[in-house]
Amino acid sequence: MPPLISATSCWDILSLVFNVMEKKIYILLLLITLGCTTSRAPDKQYDWLAYKQSNPHEYFETRPILGNKLSDRFVELTEDDIADLRLMASGEMSKHLKSNVISVSASNEKFSWFKNEIDSIPSEIQELLLKRVHGWSLVENLGASGTILGLRNDYHYYEKGIVLIDISIFRKTYEERCTYRESTAYQLKENENVSCNYEGSNISFAKTIFYHEAGHLFDNLNPMSTKKMAASNHQLFPFNRRSWVEHDHEKFKTKSKFDDLIPNRNELKYYSADFTTKIPSNKLDENLSGWEKSNFFTLYSMTNPIEDWAESFTHYLISKYHNGKYVVRYKDSLGKTKKYESCTKADCTTKFRLIETYIKNIDLFI
Ligand SMILES: [Zn+2]
């Protein structure tokens with residue numbers, strides 16, 4: 001049964017009482033505090049999953065068949081889709097997602113730009129992505145560059161999905177967005193800068209986020225799945241055991257094989273507006289030098305196994321079909337710049353080969 005008053009309004013009442021009575025009613029305060037603690041709003045993420053489990057047939061999705069071309073597969077999101085996204089925003093995993101996300105229609109001025117971007121994805125990549133991407137849609141106020149909505153088949157599996165792109169990345173280059181993302185993780189001093197780019201490719205961020213989100217969709221049925229791995233023994237899975245050791249369920253963190261080399265990897269928090277959670281910039285050289293010696297292809301792939309898979313999948317496509325070479329540059333406050341390059345050693349070739357093997361045999365898993 002839901003609480004009669006929500007946790008938020010409960011704390012409002014509490015602070016009101018505190019202000020009016022000026023600390024004279026400690027016992028009453030204690031009682032209200034206990035009431036607030038025990039009547040906290042239910043965890044919506046939990047309720048959402050429980051609802052899905054108890055009403056599975058409502059989630060065996062049948063969506064209209066869209067055009068053959070990837071660019072013709074624009075999806076108008078339903079009210080249920082948006083409701084799902086808003087509920088995901090309350091979950092621990094997706095708390096960075098804003099709950100005021102809205103759908104953007106095809107009449108939006110930015111629509112044709114995104115459609116052209118998708119149309120200009122190399123045909124080999126389009127053909128590959130169509131194996132997992134049912135369609136794509138545009139949203140606003142997502143609080144992230146993109147996300148996915150999984151569509152289940154009659155066997156309960158997430159067979160395909162919809163890639164959602166936030167229009168805030170409209171016309172951004174990969175370098176612009178990647179550089180912005182790194183600036184949210186580090187407490188940079190004036191004139192300091194961490195930039196990252198796929199040199200030689202001049203690729204838009206819209207394309208890379210499309211690949212990245214599609215990569216998450218490929219992960220859902222992947223026998224080397226990082227989804228499964230987040231909750232189990234990484235050594236059982238060929239892709240993960242190259243980089244990850246074990247998952248700490250209490251801290252919701254996964255230990256990587258490179259944590260001694262990259263001492264602040266576990267504290268990396270992207271898109272944080274809170275200065276106290278940012279890593280001081282004097283740790284940057286050590287972190288970036290450690291990253292260069294690791295087998296993580298990009299900086300973002302260091303965050304957890306799920307992002308490692310999506311980033312590695314993206315890196316594979318950009319390296320192979322766009323000739324992009326991922327590099328990071330750190331310019332310190334004195335203007336001195338140091339360059340760091342993405343891994344090409346044997347360990348990384350193996351990760352590359354695992355992705356390629358899976359992609360080439362994807363039809364076996366559909
Ligand atoms: Zn991701």
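Modeller: Here is a quick tour of the model, topic by topic.
Modeller: This is a predicted model, so local features need pLDDT of at least 70, side-chain atom pairs count only at pLDDT 80 or more, and totals for chains, interfaces and linings use all residues. Residues are numbered from 1 along each chain as its sequence is written.

Colleague: Overview first. How many helices and strands does the protein chain have?
Modeller: The protein chain has 12 helices and 11 strands. Helices (H or I, at least four residues) and strands (E, at least two) are DSSP runs, numbered from the N terminus.

Colleague: What share of the residues counts as buried?
Modeller: 32% of the 366 residues in the protein chain. Buried means 20 or more other C-beta atoms within 10 Å of the residue's own, exposed means 12 or fewer, and partly exposed is in between; C-beta atoms are placed from the backbone.

Colleague: Which residues of helix H7 are buried?
Modeller: Tyr174, Cys178 and Glu182, in a helix that spans residues 174–183. They sit on the same side of H7, because they cover an arc of only 55° around the axis. That arc is taken from the directions from the helix axis to the C-beta atoms.

Colleague: What covers them?
Modeller: The cover includes strand E5 (186–187), strand E6 (193–199) and helix H8 (205–220).

Colleague: E6 again. What is the strand order in its sheet?
Modeller: E6-E10-E11, an open sheet of three strands with antiparallel pairing. E6 and strand E11 (337–341) are at the edges with a single partner strand each, so one side of each has no neighbour in the sheet. The twist averages 20° from one strand to the next. Two strands pair if DSSP finds at least two bridges between them.

Colleague: How many bridges between E6 and E10?
Modeller: Seven, in the antiparallel sense. Val194 stands opposite Tyr330 in E10. Helix H10 (residues 284–293) packs on the sheet and touches E6, E10 and E11; its direction makes about 25° with that of E11. Axes are lines fitted to C-alpha atoms, for helices over the stretch in contact, and angles run from 0 to 180 degrees between N-to-C directions.

Colleague: Where does Gly324 lie?
Modeller: In the loop between helix H11 (305–321) and strand E10 (325–331).

Colleague: Why does Gly324 count as buried?
Modeller: Because 22 other C-beta atoms lie within 10 Å of Gly324. Gly324 and Ser201 are 123 residues apart in sequence, yet 4.6 Å apart in space, C-alpha to C-alpha. Leaving out residues up to four places away in sequence, the residues that Gly324 touches include Tyr198, Ser201 and Ile318. Contact means C-beta atoms, placed from the backbone, within 7 Å.

Colleague: Switching to H11. At what angle do H11 and H12 pack?
Modeller: About 85°, with the axes 10 Å apart. H11 and H12 are therefore roughly perpendicular to each other; that label covers 65 to 115 degrees.

Colleague: Which residues meet there?
Modeller: Ser312, Phe313 and Tyr316 in H11 meet Lys351, Phe352, Ile355 and Glu356 in H12.

Colleague: Last one, strand E8. Which residues are on its covered face?
Modeller: Thr254 and Ser256, while Lys253 and Lys255 make up the uncovered face. In a regular strand the side chains alternate between the two faces of the sheet. Strand E7 (residues 244–248) runs antiparallel to E8, joined by four bridges. His247 stands opposite Thr254 in E8.

Definitions and conventions:
Two residues are in contact if their C-beta atoms, placed from the backbone, lie within 7 Å. Angles under 35 degrees count as roughly parallel, over 145 as roughly antiparallel, 65 to 115 as roughly perpendicular and the rest as oblique.
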